[in-house]
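Thank you for asking me to look over this model. My comments are set out as numbered points, to be read beside the sequence and the coordinates.

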Amino acid sequence: SLITIVITECESTDYMWGDSLALVSEGAPQGTGYVKAVNGEAGTSGAICMGNGPVVDISSLADGYLHVRVYVADKTNVLYDWGKFNLGDGASSLQWSITADMLQDGWTELYLKLSDATGTTDLTKINNIWFYLYLRDAATTFAMDDVYACNFIPEPEEPSLITIVITECE
């Protein structure tokens with residue numbers, strides 16, 4: 001069965017900083033909110049970071065995945081394929097590249113294999129996250145939500161089907 005360990009649900013901006021950072025409560029893909037940022041200058045990186053938050057031990061899922069939902073209003077604004085997602089203990093971090101090809105306009109659900117990351121960190125002391133995108137245009141909105149470690153990638157849920165039968169009455 002699916003095992004998850006929550007790192008942050010992004011329900012507040014406690015321990016977070018970034019470019020024009022805000023907590024948004026409408027339209028969250030999970031829970032009651034998400035953290036949104038807007039980069040200031042064209043051709044620069046935008047960032048959402050969490051530092052020195054509560055320590056989370058994800059060592060029991062070392063062979064698993066990091067799940068994160070990320071949002072970018074327009075993926076054609078992502079430059080150079082230099083986006084990064086880092087997960088760390090305050091002294092060192094695991095790092096994954098985030099490329100435009102991995103994203104869609106709007107929300108994208110990512111599962112990043114822990115063993116595919118570069119770098120090292122103490123998985124018993126996770127308390128830092130850095131999400132960076134290099135963006136072509138100023139005032140590009142990007143966001144993060146629902147960060148957790150898990151043991152496998154779950155199958156997508158089947159949408160509920162509603163059947164409506166229309167008959168002709170004579």
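The points below begin with the whole chain, go on to the sheet and the core, and end with some individual residues.

1. Please keep in mind throughout that this is a predicted model. The chain has twelve strands and zero helices, and the C-alpha atoms fill a box of roughly 75 × 40 × 30 Å when taken along the principal axes. Of the 170 residues in the chain, 43% are buried. Among contacts between residues at least 6 apart in sequence, 77% join residues that are at least 24 apart.

2. Six of the strands form an open sheet, in the order β2-β5-β11-β7-β8-β10, and the pairing is antiparallel. The edges of this sheet are β2 (16-18) and β10 (118-119), each of which pairs on one side only. At the β10 end, two bridges join β10 to β8 in the antiparallel sense, and glutamine 95 has threonine 118 in β10 as its bridge partner.

3. Strand β11, residues 128-135, deserves a separate look, since six of its eight residues are buried. On one side, β11 is joined to β5 (residues 44-50) by seven bridges, the two strands running antiparallel, and cysteine 49 stands opposite tryptophan 130 of β11. β11 also pairs with β7, again in the antiparallel sense, over five bridges; here asparagine 128 in β11 is the bridge partner of glycine 88.

4. Which residues have the most contacts inside the largest nonpolar core? They are Ile7, Ile58, Phe85 and Met144, in a core of 37 residues. In soluble globular proteins, nonpolar side chains tend to be buried together. For isoleucine 58, leaving aside neighbours within four places in sequence, the contacts are with Ile5, Ile7, Leu87, Leu114, Leu123, Ile126 and Ala149.

5. Aspartate 89 is the residue I would ask readers to inspect with some care. It is placed in the loop between β7 (83-88) and β8 (93-98), and it is buried yet has no salt bridge. The nearest side chain of opposite charge is that of lysine 125, at 6.8 Å, whereas a salt bridge would require a side-chain nitrogen of Lys or Arg within 4 Å of a carboxyl oxygen.

6. Beyond its neighbours within four places in sequence, aspartate 89 is in contact with Thr121, Asp122, Lys125, Asn127 and Asn128. Asn128 in that list is the residue already named as the bridge partner of glycine 88.

7. Most residues other than glycine have a negative phi.

Methods:
Residues are numbered from 1 along each chain as its sequence is written. This is a predicted model: local features need pLDDT of at least 70, side-chain atom pairs count only at pLDDT 80 or more; totals for chains, interfaces and linings use all residues. Side-chain values use heavy atoms; hydrogens and water are left out. A nonpolar core is a set of buried Ala, Val, Leu, Ile, Met, Phe, Trp, Tyr and Cys residues joined through side-chain atoms within 4.5 Å. Buried means under 20% relative accessible area, exposed over 50%, partly exposed in between (1.4 Å probe, protein chains only). Contact means heavy atoms within 4.5 Å. Helices (H or I, at least four residues) and strands (E, at least two) are DSSP runs, numbered from the N terminus. Lys and Arg count as positive and Asp and Glu as negative; His and the chain ends are not counted. Two strands pair if DSSP finds at least two bridges between them.
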